[in-house]
Amino acid sequence: MPVTVLLVDDEPLVRAGLRAVLEAQPDIEVAGEAADGAAVIPLVRRLRPDVVAMDVRMPLMDGIEATRAVLRTVPDPPKILVVTTFEDDEFVYEALRAGADGFLLKRARPAEIVHAVRLVAAGDSLLFPASVRRLAARYGAGARPARAALERARLTEREAEVLRQMARGLSNAEIAARLVVSAETVKSHVSAVLAKLGARDRTQAVIAAYESGFVEPG
């Protein structure tokens, strides 16, 4: 089955460009479009896309609030890929903290756009880990709630090591090779880390790791 994508951006040219790039791939299908975050929830409920590619800045409802609304109200919500002009924008980091699974630059090359959609849909690796690290260093280091959450989680030594490798951007397969265990074992450890941290996915787990000081963002 193809990965289905909902495009949300107030600029028609941006939506048209993304549609052209994505629909050129045999394994990706654009399910629909919206011009503002306020239209996202009904479209997500009707179209059930795998991924929402959503502009972070829109006039009525921005990508941060739209992300929160989708995750709060839609059962089994889609992955959310924030589309932005500037990678060091605090809005991007707030969208990630709100539950977005990654971000994509509007100036990205077609191959990067396709890779981002596939990676976010698969959910087994972190998109642009170096950029997430820089954002965490600039906007999120030392958050008290994150420190408390990590203390409560009581991760095992192996789970803690898996979280460190996740923060480096390694996929499950790469972590398995590094720790000399099976991919299924890593998958189980990742699931345990997410459950203990109360994280929706590995992006939120990694942000918690940086904000708590468990992993240094520098």
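A search of the whole structure finds 15 salt bridges. A salt bridge here is a side-chain nitrogen of Lys or Arg within 4 Å of a carboxyl oxygen of Asp or Glu. This is a predicted model: local features need pLDDT of at least 70, side-chain atom pairs count only at pLDDT 80 or more, and totals for chains, interfaces and linings use all residues. Residues are numbered from 1 along each chain as its sequence is written, and side-chain values use heavy atoms, with hydrogens and water left out.

**Salt bridges**

- Asp 9 and Lys 106 meet through their side chains in a salt bridge (3.3 Å, N to O). Asp 9 sits in the loop between β1 and α1 and Lys 106 in the loop between β5 and α5, so the pair ties together parts 97 residues apart in sequence.
- Helices (H or I, at least four residues) and strands (E, at least two) are DSSP runs, numbered from the N terminus.
- Asp 9 is buried, at 2% relative accessibility. Lys 106 is partly exposed, at 26%. Buried means under 20% relative accessible area, exposed over 50%, and partly exposed in between (1.4 Å probe, protein chains only).
- A network of salt bridges links Asp 9, Glu 11, Asp 55 and Lys 106.
- Asp 27 and Arg 118 form a salt bridge at 2.9 Å, N to O. Asp 27 lies in the loop between α1 and β2 and Arg 118 in helix α5, so this pair ties together parts 91 residues apart in sequence.

**The sheet**

- 5 strands form an open sheet in the order β2-β1-β3-β4-β5, with parallel pairing. Two strands pair if DSSP finds at least two bridges between them.
- The edge strands, β2 (28-34) and β5 (102-105), each pair on one side only.
- Strand β4 (residues 79-84) pairs with β5 over 4 bridges, in the parallel sense. Val 83 stands opposite Leu 104 in β5.

**Two helices in contact**

- The axes of helix α1 (residues 12-23) and helix α5 (residues 110-122) come within 10 Å and cross at roughly 75 degrees. Axes are lines fitted to C-alpha atoms, for helices over the stretch in contact, and angles run from 0 to 180 degrees between N-to-C directions.
- Leu 18, Val 21 and Leu 22 of α1 make the contact with Pro 110, Ile 113, Val 114 and Val 117 of α5. Contact means heavy atoms within 4.5 Å.
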